[in-house]
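Hi,

Here is the structure I said I would pass along.

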Amino acid sequence: MAFARSERPRLPTAIKILVAGGFGAGKTTMVGAVSETRPLRTEEVLTDRGIGVDDLTSVEAKRTTTVAMDFGRITLGNDYVLYLFGTPGQERFWFVWDELAEGSLGAVILADTRRLADCFPSIDYFERRGTPFVVAVNCFEGAQKFDLDEVRLALQLNPSVPIIMCDARKRESSREVLITLVKHSARLRAEPVGS
Amino acid sequence: MSGPVGGPVGGPVSGADGPTDEHWVDPEIIRPYVVTRGRTQPAHGRFDLISMALAVGPPPGPDAGLDPEHLRILQLCREPKSVAEIAAYLDLPAGTIRVLLGDLFDRELVSAQEPQSEVDMHDMKMYRAVLDGLRSL
């Protein structure tokens, strides 16, 4: 049965937020906790033919590589759809990060207090790129509670970067992290109202 | 630009076109090229990973010359879907989906919406809509 044209939903605009952090920090867990479906996986096949990618000149070894990304979707009313992308862990995939970071609203960097140093590459990357980000300290069950000021100091975070505790398995908690990021990004980038 | 089907893996390409059979090629790598008949770029436009697509117009008949993958995309896109979602549900690389979407776009069977761009990130209205949406989850 065909739909009448007017009954079709209209096209929303997509927005993306990146979820970064070291291996095992809970990226896919957070994506799954707050998304409306289980995390999905998409693959980019990158070859010297460059399927799906325009420029691979920065890749040292030109061969076929498959980069997998986990992501989730949150439909926000009729006008917007938010996509959360877990960034690929390996640093040799920086060029995929570039494609993901382009046009993103911002990034959540998940920190695991047992391996704080794992966040450094992500922090460096988003600072250099000027992408707004927040640091969310994932408190695993039984993990020692850390003083956020101590974590901020250890990560040498700029005082303006929000840092919060979270439980990446919980929807409420992950949602709070996203709200913190959206507010932070709005403060940095949105035009002041009435100006 | 269209590329040849397959191509050697981890070795130099001999000649400007035409695959060589000197190297073993993983079938998982070949499949995306077969689906697109060797094309690596969409005929028109460039679909971002989160460009949204929606099926429009009456469903095409069996004589429309579409492949099963095209039809599956049209079915999926009865509700707006991103390139990444279509790729995930069809279990094909995003680059392949871009090519297939280009075909459908050319035949006016899908409409597409580009994502919020870096320039639009100054739009306070967008931030409010996202915050309202997140709060009402």
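How many helices and strands does the secondary structure of chain B come to? The answer is five helices and three strands. Before I go on, please keep in mind that this is a predicted model.

**Chain B overall**

Starting at the N terminus, the elements of chain B come in the order α-β-α-β-α-α-β-α. The chain has 137 residues, and 39% of them are buried. If you take the contacts in chain B between residues at least 6 apart in sequence, 67% of those join residues at least 24 apart.

Chain B is also divided into two domains, with domain 1 covering 1-40 and domain 2 covering 46-137. Five residues from domain 1 of chain B and seven residues from domain 2 of chain B make the contact between them. On the domain 1 side, the residues that touch domain 2 of chain B are two nonpolar, two polar and one charged.

**Helix packing in chain B**

Take helix H3 (residues 83-90) and helix H4 (residues 94-106) of chain B to begin with: their axes come within 9 Å and cross at roughly 110°. An angle from 65 to 115 degrees counts as roughly perpendicular, so H3(B) is roughly perpendicular to H4(B). From H3(B), the residues involved are B:Val83, B:Ala84, B:Ile86, B:Ala87 and B:Leu90, and they meet B:Ala94, B:Ile97, B:Arg98 and B:Leu101 in H4(B). Sorted by class, this contact has eight nonpolar residues, no polar ones and one charged.

The other pair is helix H2 (residues 68-76) of chain B and H3(B), whose axes come within 11 Å and cross at roughly 120°. Because of that angle, H2(B) is oblique to H3(B). The crossing of H2(B) past H3(B) is right-handed. H2(B) contributes B:Glu69, B:Arg72, B:Ile73 and B:Leu76, while H3(B) contributes B:Ile86, B:Tyr89 and B:Leu90. That contact of H2(B) with H3(B) divides into five nonpolar, no polar and two charged residues.

B:Ile86 and B:Leu90 turn up in both lists: they face H4(B) and they also face H2(B).

**A histidine to look at**

B:His70 is in helix H2 of chain B. Is B:His70 buried or exposed? With 20 other C-beta atoms within 10 Å, B:His70 is buried; the cut-off for that is 20 or more. Setting aside neighbours within four places in sequence, B:His70 is in contact with B:Leu100, B:Asp103 and B:Leu104. For one of these, B:Asp103, the separation from B:His70 is 33 residues in sequence and 8.3 Å in space, C-alpha to C-alpha.

**Chain A**

Chain A has five helices and seven strands. Along the sequence, the pattern in chain A is β-α-β-β-β-α-β-α-β-α-β-α. Of its 195 residues, 43% are buried. Among contacts in chain A between residues at least 6 apart in sequence, 71% join residues at least 24 apart.

Helix H1 (residues 27-34) of chain A is mostly covered, with seven of its eight residues buried. Those buried residues of H1(A) are A:Lys27, A:Thr29, A:Met30, A:Val31, A:Gly32, A:Ala33 and A:Val34.

**Where the chains meet**

How many residues of chain A are in contact with chain B? There are 42 residues of chain A in contact with 42 residues of chain B. On the chain A side, the elements that give two or more residues are strand E1 (13-21), strand E2 (40-46), strand E3 (65-76), strand E4 (80-86) and helix H5 (171-189). That side of chain A has 22 nonpolar, seven polar and 13 charged residues.

**Two backbone angles to check**

A:Gln156 has a phi near 55°, which is a positive value in a residue other than glycine. A:Gln156 is in the loop between helix H4 (148-155) and strand E7 (163-166) of chain A, and with 8 C-beta neighbours inside 10 Å it counts as exposed.

Chain B has a case too: B:Glu108 is not a glycine, yet its phi is positive at about 60°. B:Glu108 lies in the loop between H4 and strand E3 (110-113) of chain B. B:Glu108 is exposed, with 9 other C-beta atoms within 10 Å.

Cheers

Technical notes
Residues numbered from 1 in each chain as written. Chains lettered and ligands numbered in written order. Predicted model: local features only at pLDDT ≥ 70, side-chain atom pairs only at ≥ 80, totals over all residues. Contact = placed C-beta atoms within 7 Å. Helix = DSSP H or I, 4+ residues; strand = E, 2+ residues; numbered from the N terminus. Nonpolar A, V, L, I, M, F, W, Y, C, P; charged D, E, K, R; others polar. Domains from an automatic or database assignment. Axes fitted to C-alpha atoms, helices over the stretch in contact; angles between N-to-C directions. Parallel < 35°, antiparallel > 145°, perpendicular 65-115°, else oblique. Left-handed = near helix turned anticlockwise from the far one by under 90°. Buried ≥ 20, exposed ≤ 12 C-beta atoms within 10 Å, placed from the backbone.
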